[in-house]
Amino acid sequence: MLERLTKLLQGIGNRTIERMWRLGAAARFSFYTLVYSGESLRRPWLIVREVYFTGVMSLIIILVSAFFVGMVLALQGYNTLQKYGSSDAIGVLVALSLVRELGPVVTALLFAGRAGTAITAEIGLMKATEQLSAMEMMAVSPIARVVAPRFWAGVISMPILASLFSMTGVLGGYLVAVPLIGVDDGAFWSQMQASVDFREDIVNGFIKSCVFGVACTFIALFEGYDAPPTAEGVSRATTRTVVISSLAVLGLDFVLTSFMLSP
Amino acid sequence: MERTTIDLWVGIFVAAGVAALMGLAMKVGNLTTSGIGDTYTVTAAFENIGGLKARAPVKSAGVVVGRVDGIQFDDKTYEAIVTLKVDKRYEFPKDTFASIYTSGLLGEQYVGLDAGGDSVALKNNDKIAHTQDAVVLEKMISQFLYNKASETGDAKSGDKKQAEEK
C-alpha cells in the first residue's frame with residue numbers, strides 16, 4: 001500500500017519535473033527565435049516562401065469553411081430571429097459573430113490543423129534525418145534558417161487568413177439571407193454597418209487573430225523542434241501540436257475576450 | 001534576386017488580405033458611416049438619460065444628423081450634460097427640443113431633435129434649453145401600478161359607502 005502511494009507520488013513528481021523541463025526549453029526556444037528573427041528578417045525571401053506554404057496553401061480550406069460557416073449562421077440566425085420579428089437583424093448577427101469570435105477562432109483551429117501539423121512534421125523530420133545537425137555543422141543556425149522564417153510567416157498569414165475568413169463568411173451569410181430567404185438587401189447591410197464598430201469589433205478581432213497566429217505557430221515549431229527523432233516521435237509531436245494549439249486558442253480566446261469586453 | 005511564381009501568389013494573398021480587411025472596415029463596419037464630416041457641438045442637460053451611450057445617433061425626423069460625443073455628470077445641478085456633434089449641413093432653431101427616445105420597444109436609445117419655430121439658429125457650443133428625459137420603464141410601471149391601486153381603492157371605498165347607505 002505504502003509502496004504504491006510512493007510510486008504514485010514519484011510518478012506525479014517526475015511528470016511535473018518533466019513539464020518544467022519542457023516549459024524551460026520552450027521559453028529558451030522562444031527567446032532564440034526572437035533573437036534570430038533579425039537575421040531572418042534581413043532575408044525576406046525565406047519568409048515569403050513560408051508564407052506561401054502556410055498562408056496561400058491554407059486559403060482553400062479557410063475560404064470554403066468560411067463560406068459554409070457564414071451560410072449556416074444565416075440559416076440558423078434567421079430561424080430564431082424571425083420568431084421575434086426581427087429577421088432584418090440577421091446581418092448584424094452574422095457579421096458580429098464572425099468578426100468578433102468565429103473568424104479568428106475557427107481560422108486558428110483550421111490553421112493549426114492545416115499549417116501547424118505541416119510545420120511540426122517538417123521540422124521533426126528534418127531533425128530525425130539530421131538535417132538540423134548538418135546545418136549546425138556548417139555553422140548555420142537552424143533557428144535562424146528554419147525556425148524564425150516559419151514563425152514570422154505564421155504570424156503574418158494568420159491575420160490575413162482571419163480577415164479573409166470573416167469577409168467570405170459575411171458574403172456567404174449574405175447569399176443565404178438576401179437571395180435565398182428574402183431579407184431586404186438594404187436592411188441587411190445598413191443594420192450591419194450601424195452595429196459593427198471598427199475599433200471595438202474589427203480591430204479587436206484582428207488583434208485576436210495576431211495573438212492566435214503567434215500561439216499556433218510557436219507551438220507547432222516547438223513541438224517539431226522538440227520531437228524525439230523517430231517516426232513515432234514525429235507522429236506524436238504532430239498530434240500534440242493540434243491538441244495543444246486548439247486548447248491554447250480556446251483558452252486565449254476567453255482571456256482576450258474578457259479583456260476586450262470589460263468596459 | 002530572381003522572381004518566382006511563389007512571390008506572385010504571396011503578393012496576391014497579401015493583397016487579398018488587405019482587401020478583405022478594407023472590405024470589413026468599409027462594408028461591414030461603420031468606418032464610412034461614422035465620419036459625418038464637419039460638425040458643430042451643442043450640449044443638452046437631462047435629468048435622466050436612461051441607457052444613452054456615447055456614439056449613439058442623434059436623429060431628427062428619423063434621419064441621423066449627428067452623434068452623441070460624450071456624457072458628463074454635473075454635480076452642481078445633478079444633471080447629465082450630453083454633448084452632441086451635429087452635422088454642419090443641418091441648422092436647427094434655438095428653441096429646438098432634445099428628447100431621448102428608444103428605437104423600438106427595447107432597442108438602442110438615441111437623441112431626437114424636434115425643431116422649434118425660432119428664427120435664430122443654434123451655434124457651436126450652444127446649449128439646448130428644452131429637453132425631455134428618457135422614459136424609465138420601472139418608473140412608468142410603478143406609476144401605472146400606483147394609479148391602478150388607487151383606482152381600485154376608490155372603487156372599494158365607493159362600494160362600502162353604497163353598502164352603508166343601504
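Ser60(B) is in contact with Val65(B), Gly112(B), Leu113(B) and Ala115(B), leaving aside residues up to four places away in sequence. The model is a predicted one. Ser60(B) itself belongs to strand E2 of chain B, which covers residues 57-60. Within 10 Å of Ser60(B) there are 18 other C-beta atoms. A residue counts as buried at 20 or more such atoms and as exposed at 12 or fewer, so Ser60(B) is partly exposed. Another residue of chain B, Gly116(B), is 56 residues away from Ser60(B) along the chain, and the C-alpha atoms of the two are separated by 12 Å.

The strand pairing in chain B can be followed from strand E5. E5(B), residues 97-102, runs antiparallel to strand E6(B), residues 109-114, and six bridges join the two. One of the pairs involves Phe97(B), whose bridge partner in E6(B) is Asp114(B). E5(B) also pairs with strand E8(B), residues 130-132, in this case in the parallel sense and over three bridges. Here Ser99(B) stands opposite Gln132(B) of E8(B).

The next topic is the interface between the chains. On the side of chain B, 19 residues are in contact with 24 residues of chain A. Two helices of chain B, H1 (5-28) and H2 (31-34), each supply at least two residues of the side that touches chain A. The largest share of that side comes from H1(B), with 14 residues. Sorted by class, the side of chain B that touches chain A consists of 13 nonpolar residues, five polar residues and one charged residue.

Which helix of chain A meets H1(B) with an axis that comes within 8 Å? It is H6(A), residues 142-181, and the two axes cross at roughly 50°. Angles under 35 degrees count as roughly parallel and those from 65 to 115 as roughly perpendicular; H6(A) is therefore oblique to H1(B). The crossing of H6(A) with H1(B) is left-handed.

From H6(A), the residues that make this contact are Ile160(A), Ser163(A), Leu164(A), Ser166(A), Met167(A) and Val170(A). H1(B) contributes Phe13(B), Val14(B), Ala16(B), Gly17(B), Ala20(B), Leu21(B), Gly23(B), Leu24(B) and Val28(B). By class, the contact between H6(A) and H1(B) has 11 nonpolar and four polar residues, and no charged residues.

Conventions. Residues are numbered from 1 along each chain as its sequence is written. Chains are lettered from A and ligands numbered from 1 in the order in which they are written. This is a predicted model: local features need pLDDT of at least 70, side-chain atom pairs count only at pLDDT 80 or more; totals for chains, interfaces and linings use all residues. Two residues are in contact if their C-beta atoms, placed from the backbone, lie within 7 Å. Helices (H or I, at least four residues) and strands (E, at least two) are DSSP runs, numbered from the N terminus. Ala, Val, Leu, Ile, Met, Phe, Trp, Tyr, Cys and Pro count as nonpolar, Asp, Glu, Lys and Arg as charged, and the others, Gly among them, as polar. Axes are lines fitted to C-alpha atoms, for helices over the stretch in contact, and angles run from 0 to 180 degrees between N-to-C directions. Angles under 35 degrees count as roughly parallel, over 145 as roughly antiparallel, 65 to 115 as roughly perpendicular and the rest as oblique. A crossing is left-handed if the near helix is turned anticlockwise from the far one by less than a right angle, and right-handed if clockwise. Two strands pair if DSSP finds at least two bridges between them.
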